[in-house]
Amino acid sequence: MIRRYTLPEMGAIWIERARFEQMLRVELAVSRAQAARGVVPAEALAVIEEKAAVDPDRIAEIERTTDHDVIAFVSQVAETIGPEGRYLHLGLTSSDVVDTALALQLRDAGALLLHDCDALLAVLIARARGESDTLMMGRTHSVHAEPITLGLKLAGWAFELDRGRRRLAQAVDEIATGKISGPVGTYSHLGPDVEAEVLAELGLHADPASTQIVQRDRHAALLTAIAIVGGSLERFATEIRNLQHTEIGEVMEPFKAGQKGSSAMPHKRNPILSERIAGLARLLRGYAGTALEDQPLWHERDISHSSAERVILPDATIVLDYMLVRMAGLIEGLVVRGERMRENIERGLGLHASSRVLGALVEQGGMTREAAYAIVQRAAMRAADERTSLRELLAVDPEVARRLSLTALDACFDDAAFLRHVPAVIARLDSLEAEIHAAR
């Protein structure tokens with residue numbers, strides 16, 4: 001991934017040196033297991049552990065001849081060790097090292113993503129509580145529906161992100177799977193006991209029935225979980241973009257001193273973070289699609305997945321890390337314009353109360369639903385066309401007047417009635433917050 005979207009901690013997991021160092025961890029763990037069984041002499045193990053080191057530049061130089069990065073890696077590390085280097089990679093096939101090291105990288109990347117999710121969840125929960133009473137219009141099909149609060153909207157985002165985090169956590173646990181089972185998974189060179197010992201030292205699960213590789217359904221599950229979290233972030237970002245429309249103007253992204261929105265138009269204050277997040281989410285869906293294509297490898301393995309994974313696995317984790325961190329900052333600094341929310345409700349002419357009037361005419365006025373619907377719809381269409389208050393039109397409608405008192409009619413336009421159960425939803429954040437703390 002380009003530097004623009006790479007944050008330092010995640011980027012460090014995926015640099016070339018980090019990859020080779022994880023491969024060396026696997027090699028050393030196998031050497032220790034071999035030494036415990038008398039296959040590698042104890043004095044040779046001591047030298048290997050003392051001298052083994054990776055040099056990415058030298059590996060690249062050797063690979064130009066071998067055209068095989070793992071052989072180049074083994075050769076370079078053996079050079080640093082000396083004669084005892086002949087015991088390195090004993091009984092291993094390349095994928096034993098590569099896939100197990102990849103699992104270590106993905107586990108570390110996944111742990112950082114889960115930390116990012118927790119940080120964003122904390123911000124969403126805090127802002128949802130802080131905006132629990134901030135009245136705004138709820139919209140369906142981009143049209144005024146009924147009032148909600150901004151806190152309710154943000155609570156919905158928090159619970160959605162939590163669902164994504166749970167899926168991601170399961171995928172991260174599954175991806176932490178290695179194998180030391182040889183060229184076709186038959187343990188033809190090293191026994192299952194060696195694999196169990198090595199993977200226990202590394203803190204990884206053992207693939208119960210591998211081929212030459214760890215099967216790619218796990219990787220597809222991880223990339224799919226990442227894409228779903230990205231889709232949630234895109235949904236949140238799209239809502240912010242919509243609410244920042246000039247004609248709506250209910251929220252705005254933070255805008256720091258010295259920031260510019262346009263080279264030509266000084267008045268511009270654009271939702272650039274939200275737009276960036278929406279764009280990056282498209283990449284994540286593409287990476288997930290590629291991971292799914294990597295599942296059906298031929299026989300006990302082919303190499304068609306390898307080139308794709310060298311791009312999609314680092315990039316997907318780097319991109320989601322960036323998106324989560326930037327979204328947390330966006331939500332924390334989100335500018336809320338409560339007065340504009342109230343103005344927009346008032347511009348709706350009370351049409352949002354149509355459902356409550358309909359219910360009152362049926363429940364209190366004794367009308368059939370069809371008859372009541374026709375009266376309210378007719379008045380609502382007229383109010384919209386003539387830009388007048390729905391409440392005023394209904395108050396002078398003879399049929400409505402016969403069925404409802406003015407007090408009962410006014411109660412239908414009391415926005416508090418729409419929101420009486422919102423505190424119950426906000427209170428559910430308590431259990432979500434407790435679960436997050438317990439998971440840490």
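Biologist: Why is cysteine 117 called buried?

Modeller: Its relative accessible area is 0%, and buried means under 20%, exposed over 50% and partly exposed in between, with a 1.4 Å probe and protein chains only, so cysteine 117 counts as buried. This is a predicted model, in which local features need pLDDT of at least 70 and side-chain atom pairs count only at pLDDT 80 or more, while totals for chains, interfaces and linings use all residues. Residues are numbered from 1 along each chain as its sequence is written, and side-chain values use heavy atoms, with hydrogens and water left out.

Biologist: What about cysteine 412, and how many disulfides does the structure hold?

Modeller: Cysteine 412 has a relative accessible area of 3% and is therefore buried as well. The structure holds zero disulfides, a disulfide being a pair of cysteine sulfur atoms within 2.5 Å.

Biologist: How do you know that the buried residues of helix H3 lie on the same side?

Modeller: Helix H3 spans residues 42-51, and its buried residues are Ala44, Leu45, Val47 and Ile48. They cover an arc of only 165° around the axis, which puts them on the same side of H3; the arc is that of the directions from the helix axis to the C-beta atoms. On the other side of H3, Ala42, Glu43 and Glu50 are exposed. As for the helix label, helices (H or I, at least four residues) and strands (E, at least two) are DSSP runs numbered from the N terminus.

Biologist: What covers the buried residues of H3?

Modeller: The cover includes helix H2 (16-36) and H5, judged by contact, which means heavy atoms within 4.5 Å.

Biologist: What makes arginine 19 and aspartate 69 a salt bridge?

Modeller: A salt bridge is a side-chain nitrogen of Lys or Arg within 4 Å of a carboxyl oxygen of Asp or Glu, and here N and O are 2.9 Å apart, so the pair of arginine 19 and aspartate 69 qualifies. Arginine 19 is in helix H2 and aspartate 69 in helix H5, 50 residues apart, so that the pair links distant parts of the chain. Both of these residues, arginine 19 and aspartate 69, are buried.

Biologist: Which residue does glutamate 201 pair with, and what does the pair tie together?

Modeller: Glutamate 201 forms a salt bridge with arginine 32, the closest N and O atoms being 2.4 Å apart. Because glutamate 201 lies in helix H8 (residues 192-202) and arginine 32 in helix H2, the pair ties together parts that are 169 residues apart in sequence. Glutamate 201, at 42%, is partly exposed, and arginine 32, at 27% relative accessibility, also counts as partly exposed.

Biologist: Why are arginine 58 and glutamate 61 said to be about one helical turn apart?

Modeller: They are three residues apart in helix H4, which means a separation of about one helical turn. Arginine 58 and glutamate 61 also form a salt bridge, with their closest N and O atoms 3.2 Å apart.
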